[in-house]
Each structure stands twice: as C-alpha cells, then as structure tokens.
Amino acid sequence: MRITNLRRGRIIKIIACVLILIPILYVILTWSEGPTKKAREIYNAKFIGAKKINAVPVLIEGLGNFEPDTVDIREGPGEGGKAYNLPEDEQNRGSESEMEYGMNIVVSDKLSLDRSIRDTRLPECKHWDYPYDLPKTSVIIVFHNEGFSVLMRTVHSVINRSPKHVLHEVILVDDFSDKQDLKDKLDNYIQRFDGKVKLIRNTEREGLIRTRSRGAQEATGEVIVYLDAHCEVNTNWLPPLLAPIYRDNTVMTVPVIDGIDHNTFEYRPVYADGHHYRGIFEWGMLYKENEVPKREQKRRKHNSEPYKSPTHAGGLFAINREFFLKLGAYDPGLLVWGGENFELSFKIWQCGGSIEWVPCSRVGHVYRGFMPYNFGKLANKKKGPLITINYKRVIETWFDDQYKEYFYTREPLARFLDMGDITEQLALKERLQCKSFQWYMDNVAYDVLDKYPQLPENLYWGELKNSGTEMCVDNLGKHPPSLIGMQHCHGLGNNQLIRLNAAGQLGFGERCIEGDSQGIKLAFCRLGTVDGPWQYDENTSTLLHRTYKKCMGYHPQTKQLALMPCDIHNAYQSWKFKPIKPRW
Ligand SMILES: [Mn+2]
C-alpha cells in the first residue's frame, strides 16, 4: 500500500517535471533561430495585451486585426472598380494609346490613383487574425515603358492598402524605358513618399527576368513581393500573403489574381465565386490552371485558407529574400520572359520549399491585349524562339529523362535549339540535394497527368504536304474551333508544324485536328486524352479518319480541306510528312 503510494507520488513528480521542462525546452530551441526571432519578440511585446499573438492565423468572430475599420467609399470615374468609358471625342486618342501600351492609358489617366475597388475576397477573409510582427517586406515592381498613371496606381494601392510597419519599401526597377514621363517626372513624383518608394534603373535593357533578380539583390526587406507594373492590390492583401512565410520561410506565396480590363479598367474577379484553382502545365510547357483537387481541399479546414500549388503564373508572388537568393534567384541564362515561373516553381518544390496560393490575398492585374514592346537587342543574341530556349533550359535542368521526352514530343524542334550552358544550374541542384522530378509529380503535381497524360511518341512530324497542290496544311494562326487551310510550304514550322502520334492524334502544338461533315478543323484536344482517329498509310499516302472511314483531301473547287471517300489515285488525297530542318 505504502509502496504504491510512493510510486504514485514519484510518477506525479516526473509528470510535473516533464510538463515544466517542455515549455523551457521549446523556448531554448526556438530562441536559437536567431536575430529575426528576437526582433519578432520585441514587436510582439508591443502588441501583447491588446490581442493574443499566434504564430499562425486564427479565424475569429469579429474583424481580423489587420482589417481596415472603415470601407473606402468614393465617388468619381472608375471608383468602386467600375468600368469607365471615354466620351466620344476622346475615343480615338484612347484607341491610339491602346496600340502604344496594350491598354487604354487615356482611361487610366481619368481615374484617381487612389481609386477604390471592389473587395472580391470571400466574406470569411475579414475574420482572420495574423501575427502582428510579420516580416518586413520589399515590394518590387519591374517596368519597361509602362503608362505613368498605371504604374503609379500600382504604387498608390500598395502604399494605401499595406500595414505601415510591415511595408519596408517599394522598389521600382526600370528596365531601360525610353518614355519621357518615366524620367524626371517619375523621379520627382516619388519624392512624396518620403523615401519609402525607391527607383533604380538599368543602364541597358536586361529583360524582365534579370531585372527581377536585380530587384531582389537591391532589396533590404526580409521578404520580397513581386508585382507587375499594372496592378491594384485589394483590401488587406499583404498579411495573408506573409503569414505562411512567417510560419515557414521556405514557402513562396501567390495572391489570387483578379482582372482589370485593359480598355475600361473595370475591376472584376477572374474565377467563379468560392472556387479555387492552382497552377499546372502541359507538356509543351504552357501554363494551365486546374481546380484544386480533393486531396488538397481536404487538407484544409476553411475555404479561405491557403492551399498548395505545383506552380504559378509568374508575375505576382512573395518569397523570403534569403531563400530566393539561396536558390540562385532566377537562372541568369533565362532570356527576357517566359519559363521563369516554372524554373522557380520546380526549384522551390524539388529543393525543399513549397508554394501556396492565398485566397484572402487578392491583386488586380491588367491583362493586356498584346505585348506592346519588342525584345530589342536581347533577341538578336539567340537563334530560334526565345521562350522555347528558356523551356529547354528549365526542363533539361529539372525534369527526369522520361519527362524530358514528353516535352520533345510536344515541341519536336526544341531538340535542335541551343540552350546555352546549364552546368551551374545542375551544380545548384546537386549542392542543394534537390529531389527528383518524379517525387514532384507524385507528391505535388499529381493532378497534371490526369489532364495531360504522358504523350505517345510521334510517328510523323513536320509539314504535311499535299501532292495535288504542293501546298501544306496550315492552321492559319486561328484559334479553335476554326477550319484549317492550305498555304505555300515555308519550312519554318510554326503554323505548319504537324504531329501524328502513335495513338492517332493529329495536332498542331497543344491543339488537335478533327474532321467532320463541315470540314477539317482546329479543335481543343479533349482534356485527359492523347489519342485520335487518324491513321497514315505510307504506301498509299492517305490519311484516314477511322471513325468516319473517310480520307482527308483537298477540294480544288471549294479550296477547302474535307473528309471524302478514300481514293488512292486522287492526288488531292495524297499526303507526305516532310521533316522540318530549322535554319537557326
Ligand atoms: Mn502583367
């Protein structure tokens, strides 16, 4: 009896000791995280007593701690994110500015730089408390010949809608613009921000990718946020973007993008209410989005919480600066624009980090009608399409061999491109002991193969030449669905590069060729399939549509391509795949 009592007493003592030791150990272990942690404690001290501080966001009953107390109600053109239409006598000038900038600068000039926009967030977003001592942030905005008012509205929205103690600086990086109003006028204008807005300029054109890396070098905040130069950030956009990085500084976060119309500057959501999408890709490295799969949805308690994403569109994201530089920033061998979003994404995931999209952080972005500038001298240095060169560097560095084949199947000419030297990139991958692409596909991008299955090899690829006309099948640069036609063979690929794969799919790039009673059409390939109805017979040179049991042929009277009863003696039904040899 006594003995058991004694034992019981001892057990209680041991438990008590353990209970006391755990918090002490916790403090010791977390203390060793270094000076940033200590700085955080100081900030915390200011806020303690006012509200409980949590390392992770907490959903509360009332308004979240960073929410503005009042809603910004303003009157005037474009206020509330409404569309603005020019009076008739200014419409010509407006159209001209659209030709010059890819967006209507005359409209933009009419709207206040401080205009209000619709709060497009889920209602739940207003009720999150975030850690008060979020990391100091540098917002980096790269621009080249941007419209002055569009650029400045981006800056105004950041200043107006970010917590002062978190926004460390806004860095404008000018990639060698030549527009007059981006010179002295800009220097003078930013004086009003009392040093919070800095401007640095390239002395020659570097391209978006290198200019962004330069911004990261010059920034002094703990976290950097990249924005395009034609954005408007929405209510309380920054804290939700920073909270996941506060928790874990290897997380890169991405805001959900809203659209700003390039003609009327109307602000409106791109995505259906309450539905979440994430970034994926197809095997030609075109960026795609997919509704967040169940597996990822289920991991979260609330629909407004961040979710993991395989990749991102490229322009807008937040990342710990040290982590970004440790990953080598962007591969300096990437040229101008394109593929850098994939490079960064694969690198982050495969080398120990992760990407989260943040529904409560909304940023409006002007989608331009077209790219209003050329690549200048930058394009002269390389032979072949710049973007495909970039993709090749990225896939040769980060893909496993099996997946590289899918890319070359989809982009057969890429094999012939000179991608430059990737030794440094491979060394970085080795040094950081990054995981395989297979690991990434299994654990992160597991929804990609559902939408874009592995590609069967090409049985034939090149131009498809008709013996009767000596002309080549050409998609005429149109968007699907549309009839395709014939043009003189030019041997350059582009709109004449056709592939027939081992599963009978005939296509241009990511598009498919289909045939029916109306003719031969360019069509969207059915998601999740890589097969098709076509069969080429080398002996008879005919192209059979197996479903309709008819052959593809040219109709000399209508000058249209059509499905017709097969006739092996008809030269207009005789086709030859002619390999393309790039001239770069
Ligand atoms: Mn943009």
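Student: What makes Ile140 count as touching residues such as Ile171 and Tyr226 in this predicted model?

Tutor: Two residues are in contact if their C-beta atoms lie within 7 Å, and, leaving aside residues up to four places away in sequence, Ile140 touches Ile171, Val173, Arg212, Gly215, Ala216, Ala219, Ile224, Val225 and Tyr226.

Student: Why is Ile140 called part of a nonpolar core?

Tutor: Such a core consists of buried residues of kinds that include Ile, Val, Leu and Ala, joined through C-beta atoms within 7 Å; the largest one here has 126 residues, and Ile140 is listed with Ile141, Val170, Val225, Leu242, Ala318 and Ile319 as having the most contacts inside it. In soluble globular proteins, nonpolar side chains tend to be buried together.

Student: How do you know that strand β6 is mostly covered?

Tutor: A residue is buried if 20 or more other C-beta atoms lie within 10 Å of its own, and 4 of the 5 residues in β6, which spans residues 223–227, are buried. Across the protein, buried residues make up 40% of the 584 residues.

Student: What makes β6 a partner of strand β3 and of strand β13?

Tutor: Pairing requires at least two bridges between the strands. Strand β3, residues 137–143, is joined to β6 by 5 bridges and runs parallel to it, with Thr137 bridged to Val223 in β6. Strand β13, residues 317–320, pairs with β6 over 4 bridges in the antiparallel sense, and there Ile224 has Ile319 as its bridge partner.

Methods. Residues numbered from 1 in each chain as written. Predicted model: local features only at pLDDT ≥ 70, side-chain atom pairs only at ≥ 80, totals over all residues. Buried ≥ 20, exposed ≤ 12 C-beta atoms within 10 Å, placed from the backbone. Helix = DSSP H or I, 4+ residues; strand = E, 2+ residues; numbered from the N terminus.
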